[in-house]
Amino acid sequence: MKFCFTAGISLFCYASIVSAAPRPLFAAASKDLGSTTKAGHHGHSHKYPAEIQELFKGNIAFRKNMTNHGPDFLKSLAVDGQKPPFMVIDCSDSRSSEEAIFSVKPGTMFTTGNIANQFHEEDLTTNAVLSYAVETLAVKHVILMGHYGCGGVAAAMAPLGEKPTHPAHCAVQEWIKPIRDVYQRSERPEIIAHRKKMLKSPTQKAPGLHDPAFRALVEENVKANVRRIADSAVIQDHFAALSAGSDELQKTEVHIHGWVYDIENGEVTDLGITFGPSGLIEDGSPFKKSKY
Ligand SMILES: [Zn+2]
């Protein structure tokens, strides 16, 4: 990522990450799990972790539920391949799970996610997913899904205190830097008021779920990422090929949507910034509309 090497704090963070001694986490974890089936470190046996047992039971239930879509639903999906109409970029947050939120079957959504649902062309992972979704799978919609109560967005509202020294903190601070930029530049009245308040009395205390500036920044972060997707080479090349009638790319008209999920009541809000080959489409969404 280009922006890693710009500011002083980034250089510092990068140096900390690369100089950190390798830690054999996986080796240690494997050893611990192995010990659970027979005698443990202290000579007594104990059960496999209960949360893993829950996943196993859940998997049995899932397989049973899938037969509701037909006896060979999963098999035909495997044989025929996927043809998802949607690609979703969401937050890694465990409360934001789109297949569950929209009650859709496997094979419907091609997904990727990260902290605070960001898209940057320099981020090879997200850009490769977008490229494959648009050019190979021919998705009809790219949904950028934010959520209220996002920890990554909340962290971007806190003043930068001491330089973080732990590599994990450095990585998070580096990743949320573009959201800090949105926070600093936004002209939303709620965010302006928050900036003024923080200048007067800075605090590291996380904003409340209903803090209007917090909710506004979640929305503005979604909009910034939708703009970046719309401006990306993948989308611009696709739109250009569509208007030129080129056969090189799939002919599907792709629309990019900016939505926000409310973790408190499950409701989805449409930010009214849907962007397609013919430009902005502000009206017609069945979802709740944001007033900004
Ligand atoms: Zn989040």
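Of the contacts in the protein chain with a separation of 6 or more, 67% are between residues 24 or more positions apart. The model is a predicted one. The protein chain has 12 helices and eight strands, and buried residues account for 25% of its 292 residues.

**The annotated binding site**

An unreviewed UniProt entry carries the annotation "binding site" for C91, D93, H147 and C150. These four residues span 60 residues in sequence, but no two of their C-alpha atoms are more than 8.8 Å apart, so they gather at one spot.

C91 belongs to strand 1, which runs over residues 86-91. C150 sits in the loop between strand 3 (141-147) and helix 7 (151-155). Are these cysteines buried or exposed? C91 is buried, because 25 other C-beta atoms lie within 10 Å and 20 or more are enough for that class. C150 is also buried, with 28 other C-beta atoms within 10 Å.

| Residue | Location | Other C-beta atoms within 10 Å |
|---|---|---|
| C91 | strand 1 (residues 86-91) | 25 C-beta atoms |
| C150 | loop between strand 3 (141-147) and helix 7 (151-155) | 28 C-beta atoms |

Leaving out neighbours within four places in sequence, what does each cysteine touch? For C91, the contacts are S96, G113, I115, A116, N117, G146, H147, C150 and G152. With residues up to four places away in sequence not counted, C150 touches C91, D93, A116 and V218.

**Helix 9 against helix 11**

Helix 9 (residues 177-185) and helix 11 (residues 212-231) have axes that come within 10 Å and cross at roughly 115 degrees. Helix 9 is therefore roughly perpendicular to helix 11. The crossing of the two helices is right-handed.

Which residues make this contact? Helix 9 contributes I179, V182 and Y183, while helix 11 contributes L217, E220, N221 and A224. By class, the contact of helix 9 with helix 11 has five nonpolar residues, one polar and one charged.

Key
Residues are numbered from 1 along each chain as its sequence is written. This is a predicted model: local features need pLDDT of at least 70, side-chain atom pairs count only at pLDDT 80 or more; totals for chains, interfaces and linings use all residues. Axes are lines fitted to C-alpha atoms, for helices over the stretch in contact, and angles run from 0 to 180 degrees between N-to-C directions. Helices (H or I, at least four residues) and strands (E, at least two) are DSSP runs, numbered from the N terminus. Angles under 35 degrees count as roughly parallel, over 145 as roughly antiparallel, 65 to 115 as roughly perpendicular and the rest as oblique. A crossing is left-handed if the near helix is turned anticlockwise from the far one by less than a right angle, and right-handed if clockwise. Two residues are in contact if their C-beta atoms, placed from the backbone, lie within 7 Å. Ala, Val, Leu, Ile, Met, Phe, Trp, Tyr, Cys and Pro count as nonpolar, Asp, Glu, Lys and Arg as charged, and the others, Gly among them, as polar. UniProt positions are given in the numbering used here, feature names are shortened, and annotations may be inferred rather than shown by experiment. A residue is buried if 20 or more other C-beta atoms lie within 10 Å of its own, exposed if 12 or fewer, and partly exposed in between; C-beta atoms are placed from the backbone.
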